[in-house]
Amino acid sequence: MKNMTLENIAKACGGTYMGSEEERKTEIKGAVTDSRQVEEGYLFIPIKGARVDGHDFIPKVMEQGAAATLSEKELTDCKKPYILVKSSEQALKDIAEFYREQLTIPIVGITGSVGKTSTKEMIASVLSQKFKVLKTAGNFNNEIGLPLTLLRIREEHEVAVVEMGISDFGEMHRLAKMAKPDVCVMTNIGICHLENLKTRDGILKAKSEIFDFLKPGGHIILNGCDDKLSTIEQVKGVAPVFYAIDGEAQKDKVDIVASQIENLGLKGMNTKIHTPQGDIAVHIPIPGRHNIYNVMAATGVGMALGLTLAEIKAGIESVETIGGRTNLLDINGMVVIDDCYNANPVSMRASIDVLKNGLARKIAVLGDMGELGENEKQLHYEVGQYVAENEIDVLFCAGILSEEMAKGAQEKGGCKVFYFKTREEMLPELLTYLAPEDTVLVKASHFMEYPKIVEAIKNCKK
């Protein structure tokens, strides 16, 4: 890792190097917070968690071949170098920021209320047609995950696509300070994290902190269908590139437009993308109208980084789903839409839109959504109404707030509703109810642990 010597790392994080003089110049090969991921020559960064203190694993990682470790306390019997710091968590961010400054590759930063991960996947698929791409793994998008993602960048990588998630003011500023993005992508301004950010204007303000460290000569790619994002004008002399579905733009002029949308149900969509460089007809192999926005965002990023329209088309048409994100599974004759990574009212509606394209009986298995603030009951009620409005045959839902979802669907009518207080209570009834040829959507906020439902369906023998 370029310039990542123990001496430079200590300076970067304001720590004190403890070790032999000859080892000061040792250049680390990687940096991790998980002791299980330590390899020969790595730096271990022990984090104090609610249940586990990473410092307890320092002897083990030294035996595994770590080059050095950070530590918030003096180590009396450590035979290898270590760097004494006040806070390992802050040091992690400082080290990642220093490492970012050694890199010359472009970094694409993605934020927004909904669709960050699916947009990241689409952008990475497009850019991989020309570049060796490093992308955020899983949900590593916060003040621990982002620096760890940056520290995964290696010499062979030619571009990085990083997801940036927040829940309060100031967080995005700190993330952007580390990432210093060359391209900023904002998907939308929804109603997530209202507990801290209060209003959509508050969310816009907090998300817009991504521009604080936009690299000079950088690019901004925004959803022109979003009424809040469409108000953004030049930022540091950079004019945003806006994308929109034909007829839905909130601005008089947008740069990238999708038209002639053909819905192929669970087989995806066809559409034509109009750009300043020309038009391309593309097949999107993932169902859900929301993926059209992801395609346009990826088109904007691709053009900003010099891809041809042919390369962009190839990247769109080769994108793959990931577990927990509108992932279609064929299980015991059923189509299971595994979209249980997380949930909010906007993504719930998008997933229900996918479900309604299913064949035979359509079953929504939904759960509580978190961090919705004082209107959380009403928002759950409205999701229930949306289920019934879209002619979903059956709703199974679990959770304290999902009682409102059940009420919404029942009062709208036309949908059979099963409500349970807990996931555990619901699961046996659900497994008994499911039948071959059903199309089943599984979705809830992460804390509801709905991936366990998908696993149970996989393991159910009928």
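## Exercises on a predicted model

Cys 13 counts as buried because its relative accessibility is 11%, where buried means under 20% relative accessible area, exposed over 50% and partly exposed in between (1.4 Å probe, protein chains only). The structure is a predicted model, in which local features need pLDDT of at least 70 and side-chain atom pairs count only at pLDDT 80 or more, while totals for chains, interfaces and linings use all residues. Residues are numbered from 1 along each chain as its sequence is written, and side-chain values use heavy atoms, with hydrogens and water left out.

**Exercise 1.** Determine how many disulfides a search of the whole structure finds.

*Solution.* A disulfide is a pair of cysteine sulfur atoms within 2.5 Å. The search of the whole structure gives zero. For Cys 13, the nearest cysteine sulfur belongs to Cys 78, 15 Å away. For Cys 415, the nearest is that of Cys 397, at 9.0 Å. Cys 415 is buried, at 10% relative accessible area.

**Exercise 2.** Classify the crossing of helices H3 and H6 and list the residues that meet.

*Solution.* Helices (H or I, at least four residues) and strands (E, at least two) are DSSP runs, numbered from the N terminus. Axes are lines fitted to C-alpha atoms, for helices over the stretch in contact, with angles from 0 to 180 degrees between N-to-C directions. The axes of H3 (residues 88-102) and H6 (residues 171-179) come within 7 Å and cross at roughly 40°. Angles under 35 degrees count as roughly parallel, over 145 as roughly antiparallel, 65 to 115 as roughly perpendicular and the rest as oblique. H3 and H6 are therefore oblique to each other. Contact means heavy atoms within 4.5 Å. From H3, Lys 93, Ala 96, Glu 97 and Arg 100 meet Lys 177, Met 178 and Ala 179 of H6.

**Exercise 3.** Find which residues touch the most other members of the largest nonpolar core.

*Solution.* A nonpolar core is a set of buried Ala, Val, Leu, Ile, Met, Phe, Trp, Tyr and Cys residues joined through side-chain atoms within 4.5 Å. The largest has 97 residues, and Val 108 and Leu 127 touch the most other members. Helix H9 (residues 290-304) gives the most to this core, eight residues. Beyond four places in sequence, the contacts of Leu 127 include Val 108, Val 133 and Leu 307.
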